[in-house]
Structures are given as C-alpha cells and as structure tokens.
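Open the model in a viewer and keep the selection panel at hand. The stops below say what to select and what is found there.

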Amino acid sequence: MASRADQAVRRWRIARAARDRARDDLTDAEVSAGVTQRLSISARTVLAVTAVLVLVGAGVVVWQAVERTPAYSDQQLVDAASERVELLLTADAGDDGRARAILAGATGEFYDSFAQSAEAYTRFVEEQGSTGDARIDGAALASRDGDRGVVLIAARMSVNAGAVEGRNRQLRLRVVTEPEDGVLKLSGVTFLP
C-alpha cells in the first residue's frame, strides 16, 4: 500500500509529464502552422558556443580585476618606506651588517647604485666612528601604480663623527617602494631640496 505522500508525488509526476507533452504538442502545432520555426542544429550550436564564450569572457574580466587589485594598502607602502629610510639614514660604526641590511631592503635602481658603494659606505662610517640617529617626522603616499608607490618623507638626522658633535639636519626624500619576492623594498631614493 502506498502512503498518501507517495500518491501525491506520483500525481505530481504524472501532471508534470502531461504538461511537458502538452508544451511539445503546442510547439509542434506552431511549427506546422508556420507561426514559429524550430532552430536548426547549426543555430543551436552557434547559440551554445556564444553562451560559452560570454561566460569565459566574463570569467577572464573577473580574474583580471582580482589580479589588478593591489596586494598592499597605502599604509603598508608608507610604513615600508619609512622603515627602509630610517635604516638608511641611521649610522652605526659598530654595525658591520648595516650595508647588507640596507641592500636586503633594496631593489632595482637603488639596489644597483647602493651595491656599488656599500663597501665605501661601511668603511667611511667605521673610519669616522660615526653614530647617528634618524627619525621620520612625516611620511605620505604621493602616488601609486598597483603595488608600486611613491612616498614623500620628512626626516631628521643627527650624526656624530668621532669627537665631532653632530647637529640635527632636516631632510626631505622622495622614495619609491615596490614588492620583490613578497616584500616591499626601496627601488628609488631622491633627496629633495
């Protein structure tokens, strides 16, 4: 014995099949009367291919939009630039690895130019017995292109060379940061007047 639920499901299936047959009969009658035409196989193929191409195109557009979204925020660009500049401007005769640390945070044009003078920098700081302190007074993102950012920095630097007492010096810099191997690095440094 079938339950009432089973009988209701069976009636629903019969009604659905009757509806589908009626729709097919109506389509056949319309085609026979010349009211509508069935799409040819080639027309159906063209529509299917067009639909697939539209979906693929939409997928590509979405993928490109996601890829172009910057991975780093404005604040991350500013913070990275500030940290790298502070390291660059702080002198310490007792820190043999400072030049290597600066190079580790550099890329591109800045890396190339600093790498050529890294030994001279280290030797000069050691010979002079220089120590110094740099402080970032302010930093702001001037522009960005994806994950490449131009940051303007105002800094104060005080350097003591041996027995000579240093004095504070105000500096303004324009630095470029960009990612390399997932790390934001300095790729350009320009001292502004």
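Does Glu-178 count as buried, partly exposed or exposed? At 24% relative accessibility, Glu-178 counts as partly exposed, where buried means under 20% relative accessible area, exposed over 50% and partly exposed in between (1.4 Å probe, protein chains only).

Before going further, note that this is a predicted model, in which local features need pLDDT of at least 70 and side-chain atom pairs count only at pLDDT 80 or more, while totals for chains, interfaces and linings use all residues. Residues are numbered from 1 along each chain as its sequence is written, and side-chain values use heavy atoms, with hydrogens and water left out.

**Stop 1**

Helices (H or I, at least four residues) and strands (E, at least two) are DSSP runs, numbered from the N terminus. Arg-148 is partly exposed, at 41% relative accessible area.

Next select Arg-144 and Asp-74. They form a salt bridge whose closest N and O atoms are 2.4 Å apart. Here too distant parts of the chain are linked: Arg-144 is in strand S1, Asp-74 in helix H3, and 70 residues separate them. Both ends are partly exposed, Arg-144 at 29% and Asp-74 at 40%.

**Stop 2: a salt bridge inside one helix**

Move to helix H1 (residues 4-33) and select Asp-20 and Arg-23. Their side chains form a salt bridge with an N to O distance of 3.4 Å. Because the two are 3 residues apart in H1, about one helical turn separates them. Asp-20 has a relative accessible area of 25%, and Arg-23 has 47%. A search of the whole structure finds 8 salt bridges.

**Stop 3: Asp-147 and its surroundings**

Select Asp-147, in the loop between strand S1 (130-145) and strand S2 (148-161). What does the side chain of Asp-147 reach at 2.9 Å? It reaches the backbone nitrogen of Ala-71. Showing contacts (heavy atoms within 4.5 Å) and leaving aside neighbours within four places in sequence, the partners of Asp-147 include Pro-70, Leu-77, Thr-177, Glu-178 and Leu-184.

Now select Arg-135, which lies in strand S1. Arg-135 and Asp-147 are 12 residues apart in sequence but 25 Å apart in space, C-alpha to C-alpha. The side chain of Arg-135 makes a polar contact with that of Asp-133 at 3.1 Å. A polar contact is a pair of N or O atoms within 3.5 Å; within protein, one must be able to donate a hydrogen and the other to accept it, and residues adjacent in sequence count only if both atoms are side-chain atoms. Not counting residues up to four places away in sequence, Arg-135 touches Ala-154, Ala-155 and Arg-156.

**Stop 4: the largest nonpolar core**

Select Val-85, Leu-89, Phe-110, Phe-114, Ile-153, Leu-173 and Val-175. Of the 21 residues in the largest nonpolar core, these touch the most other members. Such a core is a set of buried Ala, Val, Leu, Ile, Met, Phe, Trp, Tyr and Cys residues joined through side-chain atoms within 4.5 Å. Helix H3 (74-89), helix H4 (98-104), helix H5 (108-128), S2 and strand S3 (168-180) each supply at least two residues, and H3 gives the most, with 5. Not counting residues up to four places away in sequence, the contacts of Ile-153 include Ala-81, Ser-82, Ile-136, Gly-138 and Leu-171.

**Stop 5**

Finish with Asp-181, in the loop between S3 and strand S4 (183-192). What is phi of Asp-181 near? The value is near 55°, positive in a residue other than glycine. Most residues other than glycine have a negative phi. Asp-181 is exposed, at 74% relative accessible area. Gly-182 is in that loop as well and counts as exposed at 58%.

Note on methods:
A salt bridge is a side-chain nitrogen of Lys or Arg within 4 Å of a carboxyl oxygen of Asp or Glu.
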